[in-house]
Amino acid sequence: MVLINNAVCAYIHFFCFFVHTERASLPRNMIENSMFEEEPDVVDLAKDSTAFPGFPALDPDEVVYEPRSSRLLVRGLGENDLDDEEEDYESSARLLGMSFMNRSSARSPSSSPYTRQAPPRSCSCPSTRKLVVGVFILVLVSSMAMALYFLPGCTFTKAGCHKDNSSTPIEPVYPNSTTGEPFPWNEPRLPASVRPVNYNLSLTPNLTSKTFTGRTVINMMIQHDTKRVVLHSSDLNITKATFQVGKDKSVEVKVLEYKPWQLIAVSFPEDLKAGQVCVLTLEYKANLSNTYDGFYNSSYNDVTGAKRVLAATQFEPQAARKAFPCFDEPAFKATFLVRITREPEYITLSNMPKAKTTTLPSGLLEDEFEQTSVNMSTYLVAFIVANFTSVSRNVSNTLVSVYSVAEKKEHTHYALDAASKLLQFYNTIFDVDYPLRKLDLVAIPDFLAGAMENWGLITFRETTLLVGNQSSPLDKQLVANVVAHELAHQWFGNLVTMRWWNDLWLSEGFATYWQYTSLTTVFPQLYPGDEFLEVRFKAMAKDSLNSTHSVSVSSQMTSPEDVLEMFDSVTYEKGASLLLMLNSTLPDGQFRKGLIEYLNKYRGSNSVTDDLWNSLTQVCQESVSDMMRTWTLQKGFPLVTVSCKDGQVNLTQEPFLLSRENTTHTSSCLLVSCSAGSSALYFVSLLATLKVSDSVKWLKLNYMNTGFYIVHYGVEGWAALINTLKTDISSFTAHDRASLIHNMFALSRLGRVSFPQVLSLLGYLTKETETAPLKEALSQLSSVYRLLDKRPDPYLVSRMKGYILNLFGPLINSLDWGEEQSVSRQELRSALFEMACGLGQENCTDQAKVLYDQRTNSTQPKIIPGDLERVVFSVAAQSDSGWLSLLEAYGHTTYDSEKRKILQALASTQDTRRIVWILNAGLQGSIIQTQELPLLIGTVSDGFAGHLFVWNFVKENWDSIIEKFPLGSYPIQSIIKSTTSQFSTQMHLEEVQGFFSGLKERGHPMRSVQEALETIRLNQDWMDRNLPALRQSL
């Protein structure tokens, strides 16, 4: 959207398009041009034999996954992943070249372009003998070539060419199972020949020995004739297996296992026929997991100090196989009936309401839950054995309950209220009621993820679900955000599930979008719009790197590490940003109608991204796929450049990439929707010239930053905007002002503007009072300061510190330290005071010390406002007495949000002895839970004393860290980023590169490592470009 002064506005949105061989007619007011070539469609011959009528249909059981390096397919540049594509080109060229050589080498025995030519000044004729011999050889070679050419195709073996290729397919190579026998499947993805219909699960956990036994009965349907049943199992000791076909007698069968792919299989001498119903029964035993996935054991201390134990599950993305043998892929949906045996002092929970409880002869109790009324993917199954208590409320025919440990029951009421209101909102907005009779929200004391959307049994960290009466609105904002996100998943992710993890954004992008959209309606006092803007900026920071990925990636992604790395800000926040951009572009109400169509069409099943676009297209009567496909299939986002001369405005676009190694881009066309004053919306081509009147002094694109792109206005354009900010700040909304600050810093990192230009823009901040632009400026300047602080230039660091304090000083001095009700003002006050105290401003640190003393040493302890707790605790932690008193308070406080703030304060110390202690405590997990280790590492990394030490700690303890957190998981991504993102020297670049390249099997070639290396190089480049200007400007 273009904002023009004198009441002239233009709304601009940009869409990139693929070029198709046959272009569909464009909808009205849309103009399309090529930016990237679309990857050719890969046809599944097993499903669509009509695509190639000359070929017989293939049995899907024989359709195998083909690695990129072996595909005879030259892919388009849509993904911009040239490292992989170069491999494709090279392998394709070799295969094609070999084919041509075999068929034409006899005709062209010498085809080298480097044949030496005779000098032009001399000429000779061959003798008669040479001529005859030459003709004879030529005839002989030509005859042999023709004979070979017209021979029928054959397979050459030791026995010679004895059979036609068409009757002798190449035998596939199968890996060996754990017994040494061939495993009957040779792909990491499951075959499509068998579909589970129902699981009957019986589990008996022993919380004392930390073991469990299980019995899984899987009713399945044979889809295609096959001699094997292949499914997943990991770390399960299968003791007995039986198989039944139809009503035949059940027979014992042998189970083969291939551990590298976590697969098991049963083979049969005769084909299982399509349409047959079979039953596989597996009995097994295993240890409860000591990590945070699968069926894992945990413990906590109750209010008396006694140790309590529990068992809980975390199956997303691929850990259900650690609790029971299953078809552990999202597309293999089924119903589930769960039974859990427990001791009388515990309760059990699962996805469905409890049906009955039976007392066993051993004195144990067996809880049986109702069979799921919906088909579910395995990663959404959940069960818990624990000592929990609950509060409940009936909402729209659903019993909503919040569970916690007994002593924290009083902290559950806010979450119950939030969940009740949000459930009603989603039932209405989606026009599809929540399908289960109960919805449990459970706070688990030891839980790695923020939360998990298990259908009917959502699990949370205590800090993301529990808040007390004294908790600040900011703490409640966190709980409301997470609850809103997980409830949105009950529709997007659970009711309609992505077919494979490459389309994870259909779950997480939607949940993130609705998280902020729902809170805007249900809890507007929490100011969710400011936070949504902030996370969009963070997503752009990641997506501007060459090491990023597209929102929807290749379905050939199969390794567990690759799947885990999809859980990042591109999938979540960029996915949500694209939905925001689409909704702001479509006519009012069309986006919601399209989503309702999508939910109703695919409820209970699986979808891919194109299914979403098709549903929206059906409602909107315009090709949404044409608008959106490139946004999801290619990485990065556009940089739009504005130029204006003599009333004519030209807009051009290019990819915004901070690193341009091995990247190729073609031109693109942008769709622009514009508005002038109060006139109606109309569409123009971005390639056309936009005419404005002479009275227009400035242009502002991307109104409210609803589009996912950066805008560069050129020297004159920026000067006009800066002048307007200084003279009439109200000309722009707060989000537009934050957008200008963000864009200017991004262009500085790209090298398009100088840092003095950035400082010129920031000069207007002395008049700024709104949270969004001030927090964005604080965030950007803090990043620059931390980079400078880690380099040996104390003079420049001191000058930068002085600049920041002078810029924000008047505003800081105008704020008080008392209670503040506005969430927005709390966010701003907290950010400003943390910055000021962190930079050592005496007024700030003195006031923080006073508040801490009033809390701990006064006869009548004074409560610290919740939004100021972290800054007050951090100041206190810099002294010996304060650090020790905080450590003691950490062990006694029952408020989880307060506990986490104390932990961050303890990690902010600059005392290296205490840094050593707290990092080791987080790794060991006895005093500080290991789930908090990434938080500790990130906090220590920000400090001057700890940033090098924590990097050495990670290197020395890498093996222990990856035992607790899987490679590729979000905690590993966080640890790598926080410990390396502030390096800016060649020495550190080589050190980081050397460490990760030497890990071999202990370190998957993770995208987060490539991101870390790229970030260090970019930091180097930024320092080289801007240090001289900084020294001069500051």
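Me: How many disulfides does the structure hold?
Reply: This is a predicted model, and the structure holds 1 disulfide.

Me: Which residues does the disulfide join?
Reply: C837 and C844, with 1.9 Å from S to S.

Me: And what is a disulfide, in general?
Reply: A covalent bond linking two cysteines through their sulfur atoms.

Me: Is the link of C837 and C844 left-handed or right-handed?
Reply: Left-handed, with -95° about the S-S bond.

Me: Is C837 buried or exposed?
Reply: C837 has a relative accessible area of 10%. Buried means under 20%, so C837 counts as buried.

Me: What about C844, buried or exposed?
Reply: C844 is buried too, at 2% relative accessibility.

Me: Other cysteines now. Where does C620 stand, buried or exposed?
Reply: C620 comes out at 13% relative accessibility, which makes it buried.

Me: And C644, what does that count as?
Reply: Partly exposed, because its relative accessibility is 44%, and that class lies between 20% and 50%.

Me: Changing topic to the whole chain. How many of its residues count as buried?
Reply: The protein chain has 1034 residues, and 55% of them count as buried.

Me: Last one, contacts. How many of those between residues at least 6 apart in sequence join residues at least 24 apart?
Reply: In the protein chain, 70% of those contacts do.

Technical notes: Residues are numbered from 1 along each chain as its sequence is written. This is a predicted model: local features need pLDDT of at least 70, side-chain atom pairs count only at pLDDT 80 or more; totals for chains, interfaces and linings use all residues. Side-chain values use heavy atoms; hydrogens and water are left out. Buried means under 20% relative accessible area, exposed over 50%, partly exposed in between (1.4 Å probe, protein chains only). Contact means heavy atoms within 4.5 Å. A disulfide is a pair of cysteine sulfur atoms within 2.5 Å.
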